[in-house]
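Visitor: I'm new to protein models and would like to learn how to read one. Could you walk me through it?

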Amino acid sequence: MSGFRVGLVGGDEALEEWRYVHNVVVPPAAMSVEEARERLVRGYRLENAYDGEVLVGCSTVRPVVGGVVTVIVRVLPEFRRRGFGAALYEHVLGFARGQGAEVVETCVLGVNGDGLRFAARYGFAEVERYVLDGERDEWVDLRLAL
């Protein structure tokens, strides 16, 4: 983990890396380049995580609204259980606190047992399970007071 670093998405190559991780980790919500770019337009902070030069994960931090921030951390399956998720989560949590967040929310695909266990280890509590209209995949919303 000595080579762990986080880079802000600022160009097409970094955006494509972010989109790759997103689409691998949450295939039911796979997005196009245009959809990923739209996240930047909406003010989302998108970052990629690396071990040296190797892409291991990505994160999304939505703007803080009323003291609540949504933070999503994704780690590629082959790099899980090595501390990358924890390091990336601590990084984005620090950013969110600096933006005035008092409550952190996250969303995990219901079949992502690793993600749900990770959230539980950090004290997130399940708020809601749901299936979007016209879809079959279950999503889990979780919340943590800072």
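Guide: We'll take a few features in turn, starting with a reminder that this is a predicted model.

Visitor: Let's start with the surface. Is glutamate 53 buried or exposed?

Guide: The idea is to look at relative accessible area, where exposed means over 50%. Glutamate 53 has 68% relative accessibility, so it counts as exposed. You'll find it in the loop between strand S2 (45-51) and strand S3 (54-61).

Visitor: Which side chain does the side chain of glutamate 53 join in a polar contact?

Guide: That partner is arginine 5, and the polar contact between the two side chains is 3.3 Å.

Visitor: Now cysteines. How many disulfides are there in the whole structure?

Guide: For a disulfide, two cysteine sulfur atoms must lie within 2.5 Å. A search of the whole structure turns up 0 disulfides. Take cysteine 58: the nearest cysteine sulfur belongs to cysteine 107 and is 14 Å away, so with a cut-off of 2.5 Å cysteine 58 is in no disulfide. Cysteine 107 is in no disulfide either, as its nearest cysteine sulfur is that of cysteine 58, 14 Å away.

Visitor: And how accessible is cysteine 58? What about cysteine 107?

Guide: Cysteine 58 has a relative accessible area of 0%, which means that it is buried. Cysteine 107, at 22% relative accessibility, counts as partly exposed.

Visitor: Where is serine 59, and which residues does it contact?

Guide: Serine 59 sits in strand S3. Its relative accessible area is 0%, so it is buried. Setting aside neighbours within four places in sequence, serine 59 is in contact with several residues, including Trp18, Leu46, Val73 and Leu88.

Visitor: Let's follow valine 73, then. Where is it?

Guide: Valine 73 belongs to strand S4. With a relative accessible area of 23%, valine 73 is partly exposed. Again leaving out neighbours within four places, valine 73 is in contact with Cys58, Ser59, Gly85, Leu88, Tyr89 and Val92. For another distance, pick valine 73 and alanine 125: they are 52 residues apart along the chain, with 16 Å between their C-alpha atoms.

Visitor: How about threonine 106?

Guide: Look in strand S5 (residues 103-109) for that one. Threonine 106 is at 11% relative accessibility, so it counts as buried. A polar atom of the threonine 106 side chain lies 2.7 Å from the backbone oxygen of valine 71. Among the residues that threonine 106 touches, beyond those up to four places away in sequence, are Val71, Phe124 and Asp141.

Visitor: Last one: pockets. How much space lies in the largest pocket?

Guide: Rolling a probe the size of a water molecule over the atoms shows where empty space is left. Here the largest pocket holds about 940 Å³ of space. It is lined by 42 residues, and the closest to its centre are Ile72, Val73, Arg74, Cys107 and Val108. Elements that give two or more residues to this lining are helix H1 (12-25), strand S4 (68-75), helix H3 (84-98), S5 and helix H4 (113-121).

Visitor: Which element gives the largest share of that lining?

Guide: H4 does, with 6 residues. By type, the lining of the largest pocket divides into 24 nonpolar, 7 polar and 11 charged residues.

Terms used
Residues numbered from 1 in each chain as written. Predicted model: local features only at pLDDT ≥ 70, side-chain atom pairs only at ≥ 80, totals over all residues. Heavy atoms only, no water. Helix = DSSP H or I, 4+ residues; strand = E, 2+ residues; numbered from the N terminus. Buried < 20%, exposed > 50% of the residue type's maximum accessible area, 1.4 Å probe, protein only. Polar contact = N/O pair within 3.5 Å; in protein donor to acceptor, adjacent residues only side chain to side chain. Contact = heavy atoms within 4.5 Å. 1 Å grid on protein atoms, 1.4 Å probe; cavity = no way out; pocket = protein on both sides within 12 Å on 5 of 7 lines; lining within 4 Å. Points joined across faces, edges and corners; volume = space filled by probe spheres on them. Nonpolar A, V, L, I, M, F, W, Y, C, P; charged D, E, K, R; others polar.
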